[in-house]
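Dear colleague,

Please find below the structure that I am handing over to you. My notes on it follow directly after.

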Amino acid sequence: MTAPRRAVLTVLHHADGHLTVEEVADLVTHIDPAVHLASVYRSLDTFARLGIVQHVHLGHGATAYHLVDSSGSHAHAQCRRCRRVVDLPPDVLDHTAQRLAHEYEFVLDPTHAALSGLCGPCSAAVNRAADQTSAGAVANLLH
């Protein structure tokens, strides 16, 4: 195994979450400053083809990478407010995939792109803000 590949795997092994190519490259330079960005891209591409690394397309064109664990590739969700990425169970979209295949003859790849929405804390914050805005609007109408 080449030094750049070893460095990329080390970074992903120690990562807490999903990393962009730029984040991987930045962390790799702490291990081996001689590793170029092109080597990081090639390593990630090779590992993805081998099934060692999973990539997922996030909102606004970003791609994130992480090591595949024993459960295999899985779906992701990303909060559109705080940008946090959540790993979902591999079977979370099975019913939807079956429906798409049956009704539309469409084969879904649920591991390729993250679902977009709001995580629990962000959803609660948005609801609190809406409640406060509504209460303020009512108070202004009464005065």
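The notes below cover a helix contact, the strands and the cysteines.

The model is predicted, so that local features need pLDDT of at least 70 and side-chain atom pairs count only at pLDDT 80 or more, while totals for chains, interfaces and linings use all residues. Residues are numbered from 1 along each chain as its sequence is written, and side-chain values use heavy atoms, with hydrogens and water left out.

Helices (H or I, at least four residues) and strands (E, at least two) are DSSP runs, numbered from the N terminus. Helix 1 (residues 3-14) packs against helix 3 (residues 37-50) at an angle of about 70 degrees, and their axes are 9 Å apart. Axes here are lines fitted to C-alpha atoms, for helices over the stretch in contact, with angles from 0 to 180 degrees between N-to-C directions. Helix 1 is therefore roughly perpendicular to helix 3, a term that covers 65 to 115 degrees. On helix 1, the contact (heavy atoms within 4.5 Å) is made by Pro4, Arg5, Val8, Leu9 and Leu12; on helix 3, by Ser39, Val40, Ser43, Leu44, Thr46 and Phe47. Seven of these residues are nonpolar, three polar and one charged. In this division, Ala, Val, Leu, Ile, Met, Phe, Trp, Tyr, Cys and Pro count as nonpolar, Asp, Glu, Lys and Arg as charged, and the others, Gly among them, as polar.

Turning to the strands, two of them pair if DSSP finds at least two bridges between them. An open sheet of three strands has the order 5-4-6 and mixed pairing. Strand 5 (85-87) and strand 6 (115-117) each have a single partner strand, so one side of each is left without a neighbour in the sheet. On average, neighbouring strands of this sheet are turned by 30 degrees against each other, direction ignored. Strand 4 (residues 76-79) runs parallel to strand 6 and is joined to it by three bridges, with Gln78 opposite Ser116.

Strand 2 (residues 53-57) and strand 3 (residues 63-67) are antiparallel and share five bridges; His57 stands opposite Thr63. Their hairpin has five residues between the strands, and His60 takes a positive phi near 65 degrees.

Finally, the count of disulfides (cysteine sulfur atoms within 2.5 Å) is zero. Cys119 is in no disulfide, and its nearest cysteine sulfur, that of Cys122, is 3.6 Å away. Cys122 is likewise in no disulfide; its nearest cysteine sulfur, that of Cys79, is 3.6 Å away. Cys119, at 10% relative accessibility, counts as buried, as does Cys122 at 7%. Buried means under 20% relative accessible area (1.4 Å probe, protein chains only).

With kind regards

Technical notes. Angles under 35 degrees count as roughly parallel, over 145 as roughly antiparallel, 65 to 115 as roughly perpendicular and the rest as oblique. Buried means under 20% relative accessible area, exposed over 50%, partly exposed in between (1.4 Å probe, protein chains only).
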